[in-house]
Amino acid sequence: MVSKSQIKFIKNLQQKKYRTEHKLFVVEGIKVVKELVKANMKPYAIYTTSNAILAEESFKCELISEADLKKISALKTPNNILAVFHQPKAAEITEDNWLVAVDDVRDPGNLGTIIRLCDWFGITNLFCSSQTVDCYNPKTLQATMGSMARVNIVYGNLEDFLQATKIPVYGAFMDGKNVYKEDFTIKKGILVMGNEANGVSPEVEALITKKISIPQFGTKTTESLNVATATAILLNEIRRG
């Protein structure tokens, strides 16, 4: 049985200020939990309602009731496992490969998908502007499907970061150069993706080396692509180079 104080503590971790204060985060679902354990992320506590998980998995779990799991879960229909992990300390970003930077991405699902795309395309570093949604937001974590275990995520001042870089900076813009005509034989660079509603901010735009865009082949009724979808297309072209 989970105590009332434990329930309150775990529920508080759904809020960013408590996650930041305690350097912890919550994930739900066996796939994500297994991915994080496999990546040697340090668990604070793991709870499950499944005797099978308790017997089969090598990591230590505490068996709890479905009623208690529902109390600590952020999901309407909870999975049979919930874990609290320590937040890993971000490593220093190296510029020996491509990396992605996001400028004020606010939707948790979009950021989670971008993290997953970084993992898929072998992008090991993701720089997030200070105003970007928290990568430990429960919805972000669900969207990563465990990929955050393999991507180094750093938050900070994006303008300062771009001013200090020595590698080319590409930005996604509606009026940029056709990405399908761009030469991506270079082995390192930064791809900057902007806010869902406003795109790349003017301050960051001034630091972009080259603007690129995804040409529209359909009717002009669609204003723009979802930022995560655009990231997928651009990373695919970059890796094809």
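**Entry 1: Asn152**

I looked up Asn152 and found that it counts as buried, at 15% relative accessibility. Here buried means under 20% relative accessible area, exposed means over 50%, and partly exposed lies in between, with a 1.4 Å probe and protein chains only. The model is predicted, so local features need pLDDT of at least 70 and side-chain atom pairs count only at pLDDT 80 or more, while totals for chains, interfaces and linings use all residues. Residues are numbered from 1 along each chain as its sequence is written, and side-chain values use heavy atoms, with hydrogens and water left out.

I noted that Asn152 is found in strand β7. Strands (E, at least two residues) and helices (H or I, at least four) are DSSP runs, numbered from the N terminus. Which residues does Asn152 contact, leaving aside its neighbours within four places in sequence? I listed Ala90, Ala91, Glu92, Ile93, Thr124, Asn125 and Leu126, where contact means heavy atoms within 4.5 Å. The side chain of Asn152 reaches the backbone nitrogen of Ala91 at 2.9 Å. I recorded this under polar contacts, which are pairs of N or O atoms within 3.5 Å; within protein, one atom must be able to donate a hydrogen and the other to accept it, and residues adjacent in sequence count only if both atoms are side-chain atoms. Lys139 is 13 residues from Asn152 along the chain, and their C-alpha atoms are separated by 18 Å.

**Entry 2: the six-stranded sheet**

I then traced the sheet that holds β7. It is an open sheet of six strands in the order β7-β6-β5-β9-β8-β10, with parallel pairing. Two strands pair if DSSP finds at least two bridges between them. At the edges are β7 (152-156) and β10 (210-213), each of which pairs on one side only. On average, neighbouring strands of this sheet are turned by 35 degrees against each other, direction ignored. I took axes as lines fitted to C-alpha atoms, for helices over the stretch in contact; angles run from 0 to 180 degrees between N-to-C directions.

Helix α6 (residues 108-120) packs on the sheet and touches β5 (98-102), β6 (125-129) and β7; its direction makes about 155 degrees with that of β6. Helix α10 (residues 227-240) lies across β5, β8, β9 and β10, at about 160 degrees to β9.

How many residues of β5 are buried? I found five of its five. Trp98, Val100 and Val102 point one way from β5, and Leu99 and Ala101 the other way. Five bridges join β5 to β9, and the bridge partner of Leu99 in β9 is Ile190. With β6, β5 pairs over three bridges in the parallel sense; there Val102 has Cys128 as its bridge partner. Ile190 of β9 also stands opposite Val169, and β8 (residues 169-178) pairs with β9 (residues 189-193) over three parallel bridges.

I next examined β1, which is largely enclosed by the rest of the structure because five of its five residues are buried. Leu24, Val26 and Glu28 point one way from β1, and Phe25 and Val27 the other way. β1 pairs with β4 in the antiparallel sense over five bridges, and Glu28 has Leu82 as its bridge partner in β4.

In helix α3 (residues 30-38), I found Val32, Val33, Glu35 and Leu36 buried. They cover an arc of only 160 degrees around the axis (taken from the directions from the helix axis to the C-beta atoms), so they lie on the same side of α3. The buried residues of α3 pack against β1 (24-28), β2 (43-48) and β4 (81-86). After α3 comes Asn40, whose phi is positive, near 65 degrees.

**Entry 3: Arg19**

Is Arg19 buried or exposed? I found Arg19 buried, with a relative accessible area of 3%; it lies in helix α2 (residues 16-22). A polar atom of its side chain lies 3.4 Å from the backbone oxygen of Tyr136. Beyond four places in sequence, the contacts of Arg19 include Leu24, Phe25, Gln87 and Asp134.

**Entry 4: cysteines**

I searched the whole structure for disulfides (pairs of cysteine sulfur atoms within 2.5 Å) and found zero.
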